[in-house]
Amino acid sequence: MWRRSASFVLDKRQLAQASPPHQQILLSSDDMEPNNLPNPNPSTDHGISAYYQTRAEHHAVVTSDWLAQAQAAVTRNAAVPEVLPKIAATGGSRAAGSGKAFSVIDEFNYWRKKPDLAEAVAAIMALAAFIRSSEATTMMELEIELKKASDTLKSWDTTSISLSAGCDLFMRYVTRTSALEYEDFNAAKLRLIERGEKFGEISLKARRTIAMLGQDFVFDGSTILVHGYSRVVLEVLKLAASNRKMFRVLCTEGRPDRTGLRFSNELAQLGVPVKLLIDSAVAYTMDEVDMVFVGADGVVESGGIINMMGTYQIALVAHCMNKPVYVAAESYKFARLYPLDQKDLAPAIRPIEFGVPIPSGVEVERNARDYTPPQYLTLLFTDLGVLTPSVVSDELIQLYL
Amino acid sequence: MDSRRLPRTAVDPKVRRVGFFTSGEPLPARSQSFPAETGGSTTADGGMMSSTTTPDLSVGVISFSPVMIPPPRYASADGLPALGRAAATVTTVSAYSPLSPLRRDAIQLPVGSFNPSEYMQGTSAMLSPSSSRFDDLDFSEEVACYGKKWPGKEVASFPGSSDEMMMAVRGGGNALSMSALTTASVVKTLPGVTAKDGGTFIESQNERVGPARSQKQKTTKAERRALQEAQRAAKSAAKAAGEGGKHSAASSSGAPTNAKLDKGARPHSQNKDGPEDTATASEKRADRNLDKDRKKDFPHPSLQFDDKNRVEKAKRRAVVYQFEARNRVELFRHLPQYEYGSQLPYLESKFFHLDHIHPSVYQVGMQYISGSTSGGNARCKEMLLAFRMAIMDYSISPEKSVVRDLISKINSYVSFLIECRPLSVNMGNAIRFLKNRILKLHHNLSESEAKYILISDIDRFINEKIIVADKVIISHAVAKIRDGDVLLVYGHSTVVEMIIVHALELGKQFRIVIVDSRPKFEGRRLLRKLVMKGISCTYTHINAISYIMHDVTRVFLGASSVLSNGTVYARVGTACVAMVAHAFQVPVLICCEAYKFHERFLLDSICSNELGDPDVIINVHGGKDLNPLAKWADNENLQLLNLVYDATPSDYVSMIVTEHGMIPPTSVPVIIREYERDQLVF
C-alpha cells in the first residue's frame, strides 16, 4: 500500500486495528524476508523474474559473485527441468490432441538460447513455427490455437514486457489480414505463415535498422552516457565506431548485475574510450555528457519507457541539465501499458547481493526496473524510424484499432 | 494519391477567401465559351493524371487567395522547379492581361507534338472560337497543369509565358500596352519551343524578356513584393473604375483595360463560378453544401455576439425571445448572455405557434433552458431521442426529396436548440453524424425505409457511442484504482460516478474526496449517491483543493470535450483541480467518450465558452441581508461573470480514458484521424 501523507499513518493504524489478522500476515512475511535475503542462493526465490534470469544468463560478467551464482544455478538446474517439461507436457498434450507433438515453449526455448536473439523475437519465431506446424483445419481453429500458444508463452514469464508485447503484436500483425476471408484454408494459412515469417524477419532486422538510424546522432567528439546493457545501444555504438566516429562512452556500473562492466568490455574491444562510473556518480559526471543512450525493456503507450532500475533518475538528471536522452528500442517492445507512476506496474523481482548480511528488519527494494515518463525522453530510435515519445501511442493505436 | 489532402483542398476556398476578397461578389453569368477551364480539365478524369500533385494544383488554383504561397511541392515535383513556382505565384495574383486571339493561335502550335486527345480535354475552351476572354491567368494555369503532366515540349514553352506573366504583373495597372507586348513575345517564344530545361531557355527573345528573366531570378522576396504591389494597384484601379466593366463581353483585345480592371476587381470569380463542366460544377456544389452543413453543426464558433449586425439578424430568425443581460464583462462580450428566467414563460406562451418545431424537440429545448437536463451525455441523448421521435412522426409530400427536407428540418430543430442553450461539442458531433447518415440515404428508398434506417442509426449511435463506450471506459479506468487509493473527483460526472460504483462492486478498498464548487453544487448529488452506497467520502469545496490534494493518489475528472491539442474543455474549475494535482504530482485521469473529441484547437477559456446566469453567483443562501448586491444590474460599474466551462491545458493531464483505451493527451488527434477516416466517430 502506498501512502502519501501523515494522515494515512492514522488510517493505517485504524486499519490495523480493524483487521489484525491481515497485519499479522504482513508481519510474518516481513519476518520471512530477512531469512531469505542473506541467503546467497536465490534458488528458493520463486518470485524472481524469468526475464532477468535470461538476461543474466546472456550477459553475465564472470566475477566472483557470478561464479557463486553459477554454483547456485547448478542446484537450480535440478528444479528448472522439472518446470519445463511440465509446460512442455501441457503444450504437448494439447498438441497431441491434434496429432503432433509440437511445443511452443520448446521452440521458444530453442530460439531463446541464442544469445543475440531478444526474447520477443524468440517468441515471434516460435509462434511462426507454431503456425507452420499447426494441423488445424479451419481458420477459426488456427486462430484459437495460436491464441492459446501465445497465452502459454506469455504466462511463461509474466514479468517480461517485451515477451507479451511481442506476442500481442505478432497476433495483431498476423491475424489482421484479409487472409481470414480467403475461401481456401491452405491459401489463408500460407498467407499467415508468410506474414509471420515477415514479422520475424522485420524483428530480426530491427536492431540493424535502429543502428543505422541511431548512429547519425553520434557526432565526433561527443561523450555518451550509457546505462545498462542494451544490445541495441551496443549495435548503435558499434556502427558509429565502425564509421570512424570519435566518441567517448561513460558506462554506469549497473548494480546489481553489473551490466555496465560487460558493456564497457565490449566497447573497449572496439577501441572506443570507455570510462566506468558507479551508479551514484551520474549527476557528478552529467556536465561532461553530451547525450544519454539507454535501451528499454518496454515502451509504453504514453511514450515513456520501462527499463533497468536507475534509468529514471538518469533521465531526470539529464533533463535538469538539458542533455538529450535517446532510447533505442525495437518496435516489438511497444506495449499497451500505461503506468501512471512507478508503483503502477507489477514489480519484476530480482535478487540483490549486498555482500554482507542484511540486518534483520530491513526491507530491500528488489524491483529490477523503473518507469521513465515521456517528458524526460528526447527521442526514440526504433525500427519504425526516429520517433518522439508521443508517436508511440499513435503507432499503438493504429496497430490495435 | 494522397487521399487526405484532396477533400481538404476541395473544401478550402470558403475558408481561405476570408479577408482577402471583396465579399458578396455577384457571380456574372458567363458565356458558353467559358467552360472547361482548370476545373474541367483536371477533375474531368483522374485517370489521365499522371502526377499526384496535379489535382491539388488545379483545385488549389481555384482556391488560392492572393497572399497564399503555394506549397513548394507543386513546383519542385517535376522538371520545372523555379518556373512552376513562378506560374503558381502568378496565378495567385490578380493582375491579368487579356489574351488576344493571336496568342491563342500561337498556343496551338505545339499541339501536334503531344497527345492531342489529352490536350483537347484541357483546352477545348481555348480552341472554341467564341472564347474571346481568356487571360493569362487561365493560360498559365493550363500550362502549369500540363507542364506537370508532360514535362516535355510544352514545358519549355512555359517559361516564356510565365515570364510574360511576371512582366505583366510588374507592369501593374497599365495593362493596355502590356497585353499587346505579351502576346507578341509569346508568339515569338512558342516557335522557339524546344525540350530545353526551363532555366536555360530563350536567348532569342525580344529585349523585354531579358530583364524579366533577370528580375525573376532575383530573390523571391522581391518578386513577391512586386506581385503584391501589382495586386494592390489592380485593386485600387478596380475601385476607381467601379464595377462598370463587369459584364463586358467584348473581346479583351478590344477593351483590354476594361477587362483587366474587371478581373482585378474579382480575381477568381471566373474560375469559381463560370459554368464549368457540369459534372464538376455539381460536384463542387455538393461539396459546398456539405461544407455548409458541417459548419452549421458546430456549436456556433462563428456567431460573435459583439457583432451587432449579425446578432440582429440572428434575433430576427430566433424563436426564443431572449433578453440580453446588461452588465457584461468586456472580455466575454462575444458570448451570448441572457437574462435567465425570462425565456421559459415566453416559450410556453408560444407553444401553439411553433408548429414547425416538433413537440419532443420543443420539450428538450425547454429542458435545456430550465436546466433540468444537464451534462454532456444526457443532453446529447435527449436531443437524439427527440430527433428520433421527430423522424418517427415525419412524413413528406411525395414531390419533395427526403434528404433535403429532412436536413432542413433537422437544421431548424438544431437552431432552436442552440437558442435554448449553446450546443456542446458532442452534440455537434452527434448532429454531424445524423446528417451524414441522412445524406447517405439512397434516393430510391421509400419514406418508411429511410425512417427505419435513420432511427436504427440513432439507436446505434446512442448505444455504441454513449452506453457501450461508458462501459468500456469504466473497465479501463477501474484497472487504475488500487487498494488504498484516495480518489479525488470534481463536480458530478456520470462516467466517473459509474467508475467508482464499479470499483466498489469489485471490492476495491479506496476513499473518495469530492470537491465541489459554487454555484451548482453538483458534487452534492454525487456525494449523496456514494454515501448511500457506503463509500467513505470527504466533501470539500474547491477552495480547499491545495490542502486536500496532499492525501490524494488519483484524480478522476469528466470532460465536456477534448480538443485536438489535448486541451480538456470541462466544467469550470476543472483546470484548477488539474493544475493543483499536477503541482502535487498526482496523476490526472480524464474520462471521456471518443465522440466528444473534436479537431478544433482551444488555447484559452475565452474564445469559446458559455456564460451562465450571473444572478446565481451573487445570491447567497440565508436571508436578504446576506445579499448586498441584490440590485447589481443597476450598477454600471459591476459586471458579473459566470463561466460554465474552462480549458485545461494538456500538460496537466496524465491520461485520457476513452473507449479506445487509455491514451496520452497527445494522441487525441490520432483517434480523431483514425476514426473519422472510417466514419466511425462522426
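1. At the interface, 30 residues of chain B are in contact (heavy atoms within 4.5 Å) with 23 residues of chain A. Between them the two chains bury about 2,000 Å², of which 53% is on carbon and sulfur atoms; buried area is the accessible area (1.4 Å probe) that two parts lose on being put together, summed over both.

2. The model is predicted: local features need pLDDT of at least 70, side-chain atom pairs count only at pLDDT 80 or more, and totals for chains, interfaces and linings use all residues. Residues are numbered from 1 along each chain as its sequence is written, chains are lettered from A and ligands numbered from 1 in the order in which they are written, and side-chain values use heavy atoms, with hydrogens and water left out.

3. Four salt bridges (a side-chain nitrogen of Lys or Arg within 4 Å of a carboxyl oxygen of Asp or Glu) are found across the interface of chain B and chain A. Asp341(A) and Arg554(B) form a salt bridge through their side chains, at 3.2 Å from N to O.

4. Chain A has a mean pLDDT (the predictor's confidence in each residue, from 0 to 100) of 77, and 73% of its residues reach 70 or more. Residues 1-11 of chain A have pLDDT below 50, with 22 contacts in the model beyond near neighbours in sequence. Residues 77-100 of chain A also stay under 50, with 20 contacts beyond four places in sequence.

5. Leu225(A) touches, among others, Leu250(A), Met286(A), Val292(A) and Ile314(A), not counting residues up to four places away in sequence.
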